[in-house]
Amino acid sequence: MGFKEKINLDNLPNHIAVIMDGNGRWAAKQGESRVFGHEHGVNSVRETAEAAAELGIGYLTLYAFSTENWNRPKFEVDALMTLFVDTIQREIETLNKNNIRLNAIGDLKSLPGENYRKLMDTIDETRNNDRMVLTLAMSYSARWEITEAVRRIITDKENQQLNAEEITENFFSNYLNTNDMPDPELLIRTSGEKRISNFLLWQIAYAELYFTPILWPEFTKEDFYEAIVNYQSRERRFGLTSEQIKS
Ligand code: IPE
Ligand code: IPE
Ligand code: MG
């Protein structure tokens, strides 16, 4: 029996976030360049998005490029940007066929102009799809997002008369890039690294973390199902006692 059959469809996470890591190491294992690894990572994106949509996951958020990734060698950054534009362009049909709405978070204005335009066009062309929201985190980091939220709260005209007490967790969340999404219940990171690398710090406060040694280009639907089965074996207590949860 595969992992898919073990999934309890009544207890699916509504939002899954993924730190897609290990492209470079996967490429090195084949004696290839890092860019070759990124190219192959696209297949895993397609597989994962398809698996999530088929299961009925509401939101899938993929960490594609961090604020810190801008500091990689120019050659790699340029290749990644080209890969993003080409992929986004090529996948419009598949997104529409699978009824998936594309979304993006991060400092999108810092992307090269062509990337930004193609991204916005694709988001627009998929805006009526309602099976799943696929969010790409691009030029994203959680500290950037949180700092930006504070700036926007202060400069928002509606807030000029704001009292300190009015800043609640809910109020603050509304200024994050993810204001229209529920928090992820499950965060997956591939490649064996056990860190968050500046991803969704606020939103994962109570997410279940799942680390797998599989390198991103080798990550399959079956691996995705395994992560969900593992998630379903956990007791989410939110600070309560196990007895309280069970009664
Ligand atoms: C993840 O793979 C993709 C991005 C960060 C863009 P890496 O490129 O980080 O691969 P490793 O971690 O060096 O193997
Ligand atoms: C995190 O991976 C960012 C993305 C997956 C886009 P990194 O490879 O950049 O993270 P570190 O440097 O290992 O923490
Ligand atoms: Mg990495």
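A pocket is an open set of points on a 1 Å grid over the protein atoms alone, where a 1.4 Å probe fits and protein lies on both sides within 12 Å along at least five of seven lines; lining residues have an atom within 4 Å of a point. The volume is the space filled by probe spheres set on the points, which are joined across faces, edges and corners.

Helix 7 (residues 169–173) gives the largest share of this lining, 3 residues. Helices (H or I, at least four residues) and strands (E, at least two) are DSSP runs, numbered from the N terminus.

The largest pocket holds about 940 Å³. Its lining has 43 residues, and M20, N23, Y63, A64 and F65 are the closest to the centre. Among the elements that each supply at least two lining residues are helix 3 (34–55), helix 4 (74–97) and strand 2 (59–66).

Elsewhere, S242 is found in helix 9 (residues 242–246). S242 counts as buried because its relative accessibility is 19%, and buried means under 20% relative accessible area with a 1.4 Å probe, protein chains only. Leaving out residues up to four places away in sequence, S242 touches E235 and R237; contact means heavy atoms within 4.5 Å.

Residues are numbered from 1 along each chain as its sequence is written. In this predicted model, local features need pLDDT of at least 70, side-chain atom pairs count only at pLDDT 80 or more, and totals for chains, interfaces and linings use all residues.

Methods: Chains are lettered from A and ligands numbered from 1 in the order in which they are written. Side-chain values use heavy atoms; hydrogens and water are left out. Buried means under 20% relative accessible area, exposed over 50%, partly exposed in between (1.4 Å probe, protein chains only).
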